[in-house]
Amino acid sequence: MAKSDELVTYITQRFVRYMETPRDVRRSRKQSREPWVYKWFGMLPLALNMWIKSARKGRKERH
């Protein structure tokens, strides 16, 4: 029973902290975040994207 009470107090504290921060601050934090793909997989998605684009570009130039 104590665990659920702690969870409720934690969630309410987080919610109140979120609501007390100005909207501009929340937006600036959201904009400054890196995409989740790069956070989880590093530069691999970027490298794959560049490789696929160059392969498509090369194929178009040949035909």
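User: Where is K57 found, and why is K57 called exposed?

Analyst: In this predicted model, K57 is found in helix α4, residues 44–62, where a helix is a DSSP run of H or I with at least four residues, numbered from the N terminus. Exposed means over 50% relative accessible area, buried under 20% and partly exposed in between, with a 1.4 Å probe and protein chains only; K57 has 55%, and is therefore exposed. The C-alpha atoms of K57 and R14, 43 residues apart along the chain, are separated by 48 Å.

User: How do you know that the charged end of R26 sits over the ring of Y18?

Analyst: The definition asks for CZ of Arg, or NZ of Lys, within 6 Å of the ring centre and within 35 degrees of the ring normal, and the charged end of R26 is 4.5 Å from the centre of the Y18 ring, over which it sits.

User: Which helix has the lowest confidence, and which the highest?

Analyst: Confidence is given as pLDDT, the predictor's own score for each residue from 0 to 100; the lowest is in helix α3, residues 36–41, at a mean of 78, and the highest in α1, at 91. The chain averages 83, and 92% of the residues score at least 70.

Analyst: Residues are numbered from 1 along each chain as its sequence is written, and side-chain values use heavy atoms, leaving out hydrogens and water. Local features need pLDDT of at least 70, and side-chain atom pairs count only at 80 or more, whereas totals for chains, interfaces and linings use all residues.

Notes
Helix = DSSP H or I, 4+ residues; strand = E, 2+ residues; numbered from the N terminus.
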